[in-house]
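Here are a few exercises to work through with the model open beside you. Try each task before you read its solution.

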Amino acid sequence: MSGASSSASPWPLWEVFIRGQAGISHRHVGSLHAADAETALCNARDVYTRRGEGVSIWVVPSAAILATDPDDHDQLFDAAQSKIYRHPSFFEVPEEIGHM
Amino acid sequence: MVLADPALVGVLGLRMGDNALILGQRLSEWCGHAPVLEEDIATANIALDLIGQASNWLKLAGEVEGGGRSADDLAFLRDAREFTNVLLVEQPDPDFAHTLMRQYLFDSWHAEMLDRLVDSTEARIAEVAAKSAKEAAYHRRRSADLIVRLGDGSEESHARMQAALDALYPFAGELDQPDDCDKALAAAAIAPDLGELAGEVASARTIVFGRAGLSVPTDVPVRSGGKSGLHSEALGYLLAEMQILQRSHPGAKW
């Protein structure tokens with residue numbers, strides 16, 4: 001990726017996670033380039049939270065993320081497709097519980 | 001001539017508004033051209049913050065004037081001679097180092113000024129300042145960080161930042177020089193004493209420039225005139241671009 005074109009950033013890539021509101025977990029919103037973690041946080045604030053999207057930001061070096069190989073999709077995920085009984089959807093959630 | 005308090009409020013509104021408007025317009029010229037995407041977005045964000053602030057200040061100035069001029073009228077239908085921004089904010093951008101240095105020299109004063117204006121005895125000034133103060137504090141934090149990183153960066157970044165500081169420092173003094181209006185505003189506790197404010201700003205800048213390894217020029221003459229409408233050539237070109245639509249199609253709305 002780096003050096004792919006003359007406009008490619010010489011800086012490492014960071015993944016950005018934002019907590020939309022208190023009590024909700026951080027969600028991945030995108031990625032950006034920055035020289036270090038502090039700048040990445042600063043850039044994430046400017047790029048992703050201008051419209052009041054968040055109350056907390058995490059940045060993680062993209063290189064630190066180990067991802068599954070798309071070729072392993074069948075053996076990793078397909079087997080679960082036929083086991084709907086693993087979903088906790090057979091219980092009635094009382095209305096007053098709200099968001100779970 | 002000493003103006004009555006209401007007119008002074010208008011002068012302050014116009015000056016704060018013009019500084020924010022002209023710097024916002026200057027910064028917006030980087031939109032789509034900044035060195036990296038993230039910087040491009042951040043720069044455009046700051047430009048928009050400043051133009052939003054300008055809109056509040058100019059609205060106030062128009063109301064105080066009582067002649068029915070809106071913020072848009074003041075922004076788009078005045079000539080260079082009627083603009084009261086300091087010369088610093090209209091200076092062009094030979095490189096990005098100048099952009100960042102101009103920004104830090106302004107932000108370091110602006111954030112401190114707004115913090116004081118929040119306590120103004122004039123409620124309308126305090127109200128507009130309160131809307132802008134948090135944004136300005138963030139702008140200052142961001143630009144100070146970049147000054148340190150690039151001043152204390154590579155040989156080339158250091159040289160560029162030092163050249164930008166040498167070129168722009170003479171313009172920063174205008175922010176600190178009180179004219180009769182500034183003195184009357186301070187006497188009425190509508191605005192802070194600019195000389196006193198300058199001391200605080202200078203201490204903060206000394207720390208940042210020290211960390212950046214940059215030498216602050218000494219014994220430089222102050223380049224001023226903007227507050228009384230005597231601008232550099234650069235402002236004319238900026239206004240021509242900013243105002244062309246309203247000038248060519250008066251009253252156009254979209």
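Two strands are said to pair if DSSP finds at least two bridges between them. Keep in mind throughout that this is a predicted model.

**Exercise 1. Find the strands that β1(A) is joined to, and say how they run.**

Step 1. Start with strand β2 (residues 27-33) of chain A: six bridges join β1(A) to β2(A), and the two run antiparallel. To find your place, look for L13(A), which stands opposite H33(A).

Step 2. Now turn to strand β3 (residues 56-61) of chain A. Here too the link to β1(A) is six bridges, in an antiparallel arrangement.

**Exercise 2. Explain why β1(A) counts as largely enclosed.**

Step 1. Recall the cut-off: a buried residue has under 20% relative accessible area.

Step 2. Strand β1 of chain A covers residues 13-19, and five of these seven residues are buried, so the rest of the structure largely encloses the strand.

**Exercise 3. Describe the nonpolar cores and pick out their residues.**

Step 1. The largest core has 74 residues. L12(B), W57(B), M101(B), L117(B) and I147(B) have the most contacts inside it. The element that gives the most to this core is α5(B), with 12 residues.

Step 2. Take I147(B) as a worked case. Setting aside neighbours within four places in sequence, its contacts include L100(B), M101(B), Y104(B), M161(B) and F209(B).

Step 3. A second, separate core has nine residues, among them W14(A), L32(A), A34(A) and V59(A).

**Exercise 4. Work out what lines the two cavities.**

Step 1. Count them: there are two cavities of 30 Å³ or more.

Step 2. The largest cavity holds about 100 Å³ of space. Its lining includes L12(B), R15(B), M16(B), W109(B) and K227(B).

Step 3. In chain B, α2 (37-65), α5 and α6 (123-151) each give two or more lining residues, with α5(B) giving the most, five.

Step 4. Finish with the class count for the second largest cavity: five nonpolar, five polar and three charged residues.

Key
Residues are numbered from 1 along each chain as its sequence is written. Chains are lettered from A and ligands numbered from 1 in the order in which they are written. This is a predicted model: local features need pLDDT of at least 70, side-chain atom pairs count only at pLDDT 80 or more; totals for chains, interfaces and linings use all residues. Side-chain values use heavy atoms; hydrogens and water are left out. On a 1 Å grid over the protein atoms alone, a cavity is a set of points where a 1.4 Å probe fits but cannot get out, and a pocket is an open set with protein on both sides within 12 Å along at least five of seven lines; lining residues have an atom within 4 Å of a point. Grid points are joined across faces, edges and corners, and a volume is the space filled by probe spheres set on the points. Helices (H or I, at least four residues) and strands (E, at least two) are DSSP runs, numbered from the N terminus. Ala, Val, Leu, Ile, Met, Phe, Trp, Tyr, Cys and Pro count as nonpolar, Asp, Glu, Lys and Arg as charged, and the others, Gly among them, as polar. A nonpolar core is a set of buried Ala, Val, Leu, Ile, Met, Phe, Trp, Tyr and Cys residues joined through side-chain atoms within 4.5 Å. Buried means under 20% relative accessible area, exposed over 50%, partly exposed in between (1.4 Å probe, protein chains only). Contact means heavy atoms within 4.5 Å.
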